[in-house]
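New notebook page. I want to jot down what I looked up here, one spot at a time.

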Amino acid sequence: MKSRSTLATWLGGLDRSRLARVLAKRKDAVSSPEPRSVGELADRLQRPGAVALVLPRLTLPCLQAAEALAALGTRATRDSLAELLDSTSPAAVHALDATLEALSDQALVWHDGNEALRMSAPLRQAWSKPLGLDAPLEELLAGTTSEELRGMLAVLGIRPPGTKQQRIAALMEHHSDAERVAALVAGAPAATRKLLEQSARSTPRQSLFVGFGTPDRDLPPGGRWALDRGLLLQDRDRYGPVRMPVEVALALRGPDWHAPFEPLPPVPQLVPITSAEVEREASVAATAFAAQAASVLSACATAPPARLKSGGIGARELARLGKAAQADDAVVRITLETAYAAGLLARDGDRVPPTEAYDAWAEQEPAEQLAVLLRAWRDLPLTPTRARDEDDKALPALTGAPGCGGCLQARHGLLTAAAGLPAGQGVKVTSELGPLVAWHRPLSDDASPEGTAPFSTVIREGELLGVLARGVLSPLGAHLAAHTDEGLEITARRLLPPATTTARIGADLTAVVTGTPSARLSALLDSTADRESSGTASVWRFSAGSIRRALDAGRTPDDIAADLAGSSATALPQPLTYLIADTARGHGRVRIAPAACVIHGDEPALLAELAAHRELSKLALRQLAPTVLVSGSPPATTLATLRAAGYAPVGETAGGTVRIEKRLPQRAAAVPPPRENVGRRGPRTTATRASDPTDTGMDALADLLLKAPPSAPEPDPFGSGVPFATDTEEIVAGYAKHLSYSDVRQLAHAIDTGAAVTVEYTATSGNRTVRTLSDLELDPPYLDAWCHLREAERVFTLSRIHGVMPA
């Protein structure tokens, strides 16, 4: 039965609540537009893109069980899976059932009518060689002749039946008995036993020998003995690696070997903790971060950071922002990335200034500001505080690199792991959350520096933001994990104090603000003083330079004193009033006038005429001396304007000599030919989610699907009346436009089963070649495969494949 039909049948047999649960788990596959039938739903759930989205969210036991199912193949049952995973005790059976239930909720694994376990084809393709095992015996025997089968059975002492299928069944029956295979190998020559034991433990890519049409010349000692008995198999034309069937490999690994299965998460060392202690620590961390983030963005508003030519904000600008806001590099990076994701910052040429949304954000209370940044942090497709790459080179911020789904899953795994800790207890050492994250999200990316604890970087981010406190999820983190944004703002307002509107200005020329200063107070102090520290308490220091900066901005001494007095909890100290008066007294005694160029001559009357000429007013001429004028326009513009007015000026060099104007012949700039993109492919990005339907609407959608016809009409790809048999065929046909339907089916079958295939391929140079490929992995519009001609992994474009033949 086709996998898609089996899934549709299974979905159609679910009750409404169970189907609604599947729909809620796979929102990405059922969102806009909603499926119209169970058949259409099954098709969507099995698309490679839909499975690729849900795969990183699986826990470690789900991935381990799925890989074991992929290794067992189409004959997998609940009992065979339990035996392979060594889950036969009552507790282990219960854990395995829970794991299979979780996979069923994702519509990745289901039971068919014959009690066999089925799995989605794209999920099976996630492992080219699951558990290091090759294909089943039946698949490897597909290219073997009836006469070769007769010879194998005769050597094994089995009377060969009449037909090829009967001989295959007889050989499969023999090799399916693990004890019989082990006894056969035990009586083999020593060289053969060593060869088979090494092959059983090695991965298929580490094949010990490869033949090329010479049955005995390239075989190591004992190889022919194993080939004659079907313990090792080779392609009919002796082209390719010698392969060991999965039944033989499992028999040689022995009854004590089992696939890894860890149904329970690691148990960290826990200590009792009260909710009051958690809230107190989270409040301190969140308050400090909110204040520092506001300072960082205020510094961006004052002087927008410059971007590197290669993109992003470099170390020099990050250090400048950190110094201006008195915040460390991690806080600066988190603030920039979250603010950019929230729309508070935007690229504008070579700068990254704040947007209009920042002005509204800056007027909000610290709790509301923090909630915006926390929501952005939760959904960031990167690890913002990662400051070094694999080569220990500094990484800029805001690089605009493609999204990293593994980084996002690391953060979600941290929230899930911390949320699963027992109530009233937290981990004794926060680094012990790392193994929990790895268990909940084994496919996540760990951006922590080498030599540090796993996921220490994302754990440290959670502590800086107040999401983690005392080794447990804080109330802020609990709302993030549950995606309850309204509750997040309410809790933030409870934990964070309101913005402070007054400062305590001391005689030592410092202004101290406890808590988070309001936007108005922060702007006032930033314009008249220099920030020395920020956090739960921020400190500014007044100096002659800071007061002069305010005077340069056009403010008068009286305005500065009045504004500071209105924002001070006490009267202004005398040293500050003296500082303002003394600085104002010397301000402006020397003035600097702008000038784009200088006009001078020996005739004062002529220069006075130029200064008074109406047609030259646009030059903004200003007379500094009887024989000196300054112009507000560049030299070239001033020369052209004077000449247009009837005068005959000449230009000078910086050294005072007359500049010779030599007109060079003009030539058109050579237009470079467009460069062809010769890269293998662009970076993979995280798929953008469409608007998800709400959980409350899943019951109604489940009702509609169960009442609709069981399946939608399947596509008729070539007008032949024969629909696509699998999703893989549909994908291949969509890209490989040069292939006939029979070729499409043959290539799709090779992809689904892992069989080798020979293709006629047109290279980028235009030359046509014939390649034998194995280990095929579909990655539309590409095909990853092991090329036997080059003896290396290669990437092939589906649209360049013109023919398919059996290998």
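Predicted model: local features only at pLDDT ≥ 70, side-chain atom pairs only at ≥ 80, totals over all residues.

**Entry 1: helix H4**

How many of the eight residues of H4 are buried? I found that eight of the eight are, over residues 38–45. I wrote down the names: Val 38, Gly 39, Glu 40, Leu 41, Ala 42, Asp 43, Arg 44 and Leu 45.

**Entry 2: helix H23**

Next I looked up H23, residues 433–440, which is mostly covered, with six of its eight residues buried. The buried ones are Leu 433, Gly 434, Leu 436, Val 437, Trp 439 and His 440.

**Entry 3: cysteines**

I checked for disulfides and got zero. Cys 62 has 6% relative accessibility, so I count it as buried. Cys 407 comes out at 10%, so it goes down as buried too.

**Entry 4: H17 and its partners**

H17 runs over residues 275–302, and I looked at how it packs with H18, residues 315–325. Their axes are 8 Å apart and the angle is about 120°. The two are therefore oblique to each other, since the roughly perpendicular range is 65 to 115 degrees and roughly antiparallel starts over 145. I noted the crossing of H17 past H18 as right-handed.

Which residues meet there? From H17 I have Gln 292, Ser 295, Val 296, Ala 299 and Cys 300, and from H18 Leu 321, Ala 324 and Ala 325. Sorted by type, this contact has six nonpolar residues, two polar and no charged.

Then I turned to H17 with H21, residues 366–378. The axes come within 10 Å and cross at roughly 85°. That pair is therefore roughly perpendicular. On the H17 side I listed Ala 286, Phe 289, Ala 290, Ala 293 and Ala 294, and they meet Pro 366, Gln 369, Leu 370 and Leu 373 of H21. The tally for this contact is eight nonpolar, one polar and no charged.

**Entry 5: H28 against H30**

One more helix pair. H28 (residues 544–552) packs with H30 at an angle of about 60°, and the axes are 9 Å apart. That makes H28 oblique to H30. I noted a right-handed crossing here. The contact brings Ala 544, Ile 547, Arg 548 and Leu 551 of H28 to Leu 579, Ile 580, Thr 583 and Ala 584 of H30. I sorted the residues of this contact into six nonpolar, one polar and one charged.

**Entry 6: Ser 568**

Where is Ser 568? I found it in the loop between H29 (557–566) and H30 (574–585). Buried or exposed? Ser 568 is buried, because its relative accessible area is 11% and the cut-off is under 20%. Leaving out residues up to four places away in sequence, Ser 568 touches Ala 503 and Ile 505.

**Entry 7: Leu 149**

Leu 149 sits in H11, residues 146–155. I count Leu 149 as buried because its relative accessible area is 0%. Neighbours within four places in sequence aside, Leu 149 is in contact with Leu 141, Thr 144, Lys 164, Arg 167, Ile 168 and Leu 171.

**Entry 8: two positive phi values**

Last, some backbone angles. Asp 86 has phi near 55°, a positive value in a residue other than glycine. Asp 86 lies in the loop between H7 (78–84) and H8 (90–105). At 45% relative accessibility, Asp 86 goes down as partly exposed.

Ala 107 also has a positive phi, near 55°, and is a residue other than glycine. I found Ala 107 in the loop between H8 and strand S1 (109–111). How accessible is Ala 107? Its relative accessible area is 0%, so I wrote Ala 107 down as buried.

How values were computed:
Residues numbered from 1 in each chain as written. Heavy atoms only, no water. Helix = DSSP H or I, 4+ residues; strand = E, 2+ residues; numbered from the N terminus. Buried < 20%, exposed > 50% of the residue type's maximum accessible area, 1.4 Å probe, protein only. Contact = heavy atoms within 4.5 Å. Disulfide = S-S within 2.5 Å. Axes fitted to C-alpha atoms, helices over the stretch in contact; angles between N-to-C directions. Parallel < 35°, antiparallel > 145°, perpendicular 65-115°, else oblique. Left-handed = near helix turned anticlockwise from the far one by under 90°. Nonpolar A, V, L, I, M, F, W, Y, C, P; charged D, E, K, R; others polar.
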